[in-house]
Amino acid sequence: MGAEAKLAEMGLTVPEVVPPLAAYQPTARSGNLVFTAGQLPARDGEMIAIGKVGGEVTEEQGYECARQCALNALAAVKAEIGSLDDVKRVVKVVVFVASTPDFTSQPKVANGASELLGEVFGDAGKHARSAVGVSVLPLDVPVEVEITVEV
């Protein structure tokens, strides 16, 4: 089953690409690699959470934010290549988690993105990953995700 059919089976719709907030483009392609800009947890034009994980945002909410960020990254990839069925594999995922100083479960939050990509692409969704705790992200969102895929 292709990625597009898998998303439909999961009841997920690839959203429209979120317009850039500054001077950058949603994707950059180099050869057979597509890199996304950092994607925020926007859904239907609104951020689904605001604040720091471990503070105003729970770990579970952070996980959901990472999942939405990954879906938004897939939207950017789809806009670049036409169909997610053309993704050969997910190569790298970077997840930034705005968190309180005592919060240390950034990898659990990042699993929201990783698990979505695994569900959509199967073995081709297995990837290298970084989960990084930061003090603040744009618009005070709790999570930002960027992905690199091979096409």
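**Asking about the terms**

Visitor: Leaving aside its neighbours within four places in sequence, which residues is Ser-114 in contact with?
Guide: With those neighbours set aside, Ser-114 is in contact with His-127 and Arg-129. Contact here means heavy atoms within 4.5 Å.

Visitor: What kind of model is this?
Guide: The model is predicted: local features need pLDDT of at least 70, side-chain atom pairs count only at pLDDT 80 or more, and totals for chains, interfaces and linings use all residues. Residues are numbered from 1 along each chain as its sequence is written, and side-chain values use heavy atoms, with hydrogens and water left out.

Visitor: Why does Ser-114 count as buried?
Guide: Buried means under 20% relative accessible area, exposed means over 50%, and partly exposed is in between (1.4 Å probe, protein chains only). Ser-114 has 13% relative accessibility, so Ser-114 counts as buried. This residue is found in helix α3, residues 106-121.

Visitor: Why is Thr-58 called partly exposed?
Guide: The relative accessible area of Thr-58 is 37%, so Thr-58 is partly exposed. Thr-58 lies in the loop between β4 (46-47) and α2 (59-81). Its C-alpha atom is separated by 9.8 Å from that of Pro-142, although the two are 84 residues apart along the chain.

Visitor: What makes a stretch of chain a helix or a strand?
Guide: Both are DSSP runs, numbered from the N terminus: helices are H or I with at least four residues, strands are E with at least two. The protein has 3 helices and 7 strands. Along the sequence, their pattern is α-β-β-β-β-α-β-α-β-β.

Visitor: How do you know whether the radius of gyration agrees with a compact globule?
Guide: The radius is taken over C-alpha atoms, and the globule rule is 2.2 Å times the number of residues to the power 0.38. For 151 residues a compact globule would have a radius near 15 Å; the protein has 14 Å, so the value agrees. The C-alpha atoms fill a box of roughly 40 × 30 × 25 Å along the principal axes. Of the 151 residues, 44% count as buried.

Visitor: How much of the contact total comes from residues 24 or more positions apart?
Guide: Such residues account for 81% of the contacts with a separation of 6 or more.

Visitor: What does UniProt place at residues 4-142?
Guide: An unreviewed UniProt entry gives the feature "domain: Endoribonuclease L-PSP/chorismate mutase-like" there. UniProt positions follow the numbering used here, feature names are shortened, and annotations may be inferred rather than shown by experiment. Over residues 4-142 the chain is 32% helix and 21% strand, with the end C-alpha atoms 28 Å apart.
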